[in-house]
Amino acid sequence: MKYFIWAYNPKVVGIRPSQGIAFIVPEAKKEAYLKLEIDKIIPVNKIDFQTIYPIFKQKQAEGEKIEDIFTLQEEIMDWVGVLKAIFVPGKNGVSDVLFKDKYYMRSVLKQEVAEPDFYELTENSAAEGINEGMVKPRRADSTKGISYFKAPLPMSSLKNQSGYLSDKDLLVESFVHYDRMFTVDGYTDFKGHARFFSHEYNNKLSEFKKTGYFTLHTSSFYYQDQQLLQKLFALSQKALQALNVERDITPFHFEWFYSDKDQSFVFTEVGKRFGGAKIPKLVKQSFGVDLLEEYWKMQEGREVEIDWEQPLSPRVCSSSYVQLTNGKTMMESLEGKIPDLFTYEQNHPVGKQSQEAESIGDAFFLAQYTSKDATASDMVSTQINKAFNEVCR
């Protein structure tokens, strides 16, 4: 039996009934699984290591052969890897730690791909020479906890409540001046089965608090330069080979900085998960490929049921517009005002004052729409932002 650990609603990652996979889930989510006729569940009071470890200890004592323990939940990736190393024969969980910890990740990839200068921040390393950069938690998600600086480092604000730097918790890296930012999304089993798709941010994600929103759309490379697209995929494949020492079935969400001047890519980070902002829906809308459905078939050993023809061009440009909360009140929904809309999620209630966004997860709403190309997508994005400001007080 394989075991999947997940704290959220099963619909988020396309979970469905499976003969070979059991799901460890919070007690509060039990009904959501039963409504989908998923009965191979182990409800627990809390998704954490000390709660779940005894479950596998008992199964081991009963002589059960545990085939795998896995998750798509980035914040628990490291300790799920520890469970895998303890209870799954032939697995060591190293890949899960490499994908989770940015310092280990960067160190492993240093000789493989271009990336920012970096070092782990401790009392003894604080004087190392990066004049402009950012401090980020080594194991936090996305943009959470990032602070920008110009030398010298703001040491006092980085110390914990006891007055010391939290050893091995923080990473310092140099600021990368870039023009555009691209993602690579998909999965691979390292046995010849893989999906690679690319998307592009319309704004610099590092400035999300200034812009107040961002749009992620089908990459302009599909329309303008297929050679650069293939270069991006090749770099991502190289990074995956270095990080995934166990050759698991691996979903991935890469982010790459890009310079228009010399057509170069700089690696920023990768998660062992599917991308946020509903990226699997973008892929399905543009290419007709259901990444989540295929991923679960792969986990069930049903790869022969998948049509492996790789679409080379999108049938439409698909976009996710994410409006961040801004401390104001959104007076009405924009769901009926966005052309060619296929997804709309109001994440913060209409008529209720919001908080200032601290990360890209603090969204007023998410809207997904189609257009003929990336240029047309940017025009719609500007129109949505204008409409938002008109209904915001």
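In the predicted model, a salt bridge, defined as a side-chain nitrogen of Lys or Arg within 4 Å of a carboxyl oxygen of Asp or Glu, joins the side chains of Glu293 and Lys297 at 3.5 Å, N to O. Residues are numbered from 1 along each chain as its sequence is written, and side-chain values use heavy atoms, with hydrogens and water left out. Because the model is predicted, local features need pLDDT of at least 70 and side-chain atom pairs count only at pLDDT 80 or more, whereas totals for chains, interfaces and linings use all residues.

Glu293 and Lys297 both belong to helix 11 (residues 291–299), where they lie four residues apart, about one turn of the helix; helices (H or I, at least four residues) and strands (E, at least two) are DSSP runs numbered from the N terminus. Glu293 is partly exposed, at 35% relative accessible area, while Lys297 is buried, at 13%, where buried means under 20% relative accessible area, exposed over 50% and partly exposed in between (1.4 Å probe, protein chains only).

Salt bridges also link these two residues into a network with Arg16, Glu300, Arg302 and Glu305. Within this group, the side chains of Glu300 and Arg302 meet at 2.6 Å, N to O, and Glu300 is partly exposed at 24% relative accessibility, as is Arg302 with a relative accessible area of 28%.

The structure holds 27 salt bridges, including one between the side chains of Glu120 and Arg138 (3.0 Å, N to O). This pair links distant parts of the chain, 18 residues apart, with Glu120 in strand 5 (residues 118–121) and Arg138 in the loop between strand 6 (132–137) and strand 7 (147–150). Glu120 is buried, with a relative accessible area of 17%, and Arg138 is likewise buried, at 0%.
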